[in-house]
Every structure is written in C-alpha cells, then in structure tokens.
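Hi everyone, thanks for making the time. I'd like to walk you through a few loop residues, so please bring up the model on your screens.

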Amino acid sequence: DYSLDIWSGRDYPCRMTDRVPCITRTRGGAGGYYITSVQRLLTVEEMLNLQGLPLSYRAVARREGVSDRQLGMMVGNAIATNVLRAILPRMLTKIGKQ
C-alpha cells in the first residue's frame with residue numbers, strides 16, 4: 001500500500017509505503033493523500049482516525065454547518081493526540097510539574 005501526495009509538484013514528489021505523511025491544513029482541505037490500495041483520497045473519518053480524534057467530530061461539525069473540506073483543514077491544523085499523549089508527560093517531568 002502506498003500513499004501518494006498527488007498535489008505536490010514534480011520537484012517534490014512524495015510516496016510512502018504503509019504510512020501517511022503529516023496531514024497539513026492544505027492537504028486536509030484538499031482531501032488528504034491518495035491511497036493506492038483503495039484507489040481514492042483519504043476520507044474525513046480516516047484523517048480524524050490518523051490524528052487520534054473521535055469520529056464523532058464529523059457529526060458535530062455537520063450539525064454546526066462545517067463542510068468536510070473545512071473539517072479536513074481543521075484536522076490538518078491539529079496536533080495528533082497520540083503524539084501529544086506521548087510527549088506531554090516527558091515535557092511536564094522536565095519542567096518539574098509531574
């Protein structure tokens with residue numbers, strides 16, 4: 001399985017095997033990355049999942065009038081919660097707060 005950055009220019013092609021590059025605001029709003037095994041772009045639910053966010057965020061966003069494109073941009077602008085969970089305790093220990 002490959003993820004392809006189909007929005008990148010010829011000078012900066014991006015292809016990864018069995019992983020997805022960082023989801024940025026721009027890529028999230030453009031539909032994420034193309035996944036070769038399913039021959040389509042990531043869904044909003046998949047982007048939420050990759051960022052460690054609850055899938056229920058999509059329903060909440062829809063109720064509030066947020067489009068999938070806007071939600072994709074928000075997801076790309078977020079920090080992955082699993083990364084935050086991994087580094088926050090270390091940061092607190094370093095500054096003597098834990």
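Let me start with how the elements are assigned: helices (H or I, at least four residues) and strands (E, at least two) are DSSP runs, numbered from the N terminus. Two notes on the source. This is a predicted model, where local features need pLDDT of at least 70, side-chain atom pairs count only at pLDDT 80 or more, and totals for chains, interfaces and linings use all residues. Residues are numbered from 1 along each chain as its sequence is written, and side-chain values use heavy atoms, with hydrogens and water left out.

First up, Leu55. You'll find Leu55 in the loop between helix 2 (44–50) and helix 3 (56–63). Which residues does Leu55 touch, not counting those up to four places away in sequence? They are Glu45, Leu48 and Asn49, where contact means heavy atoms within 4.5 Å. Leu55 is partly exposed at 48% relative accessibility; on this scale buried is under 20% relative accessible area, exposed is over 50%, and partly exposed is in between, with a 1.4 Å probe and protein chains only. From Leu55 to Arg15, 40 residues apart along the chain, the C-alpha separation is 26 Å.

Now for the backbone angles. Asp18 has a phi near 55°, positive although the residue is not glycine. Asp18 sits in the loop between strand 2 (15–17) and helix 1 (25–29), and is exposed, at 60% relative accessible area.

Gln39, also not a glycine, has a positive phi of about 55°. Its loop runs between strand 3 (34–35) and strand 4 (40–41). Is Gln39 buried or exposed? Exposed, with 62% relative accessibility.
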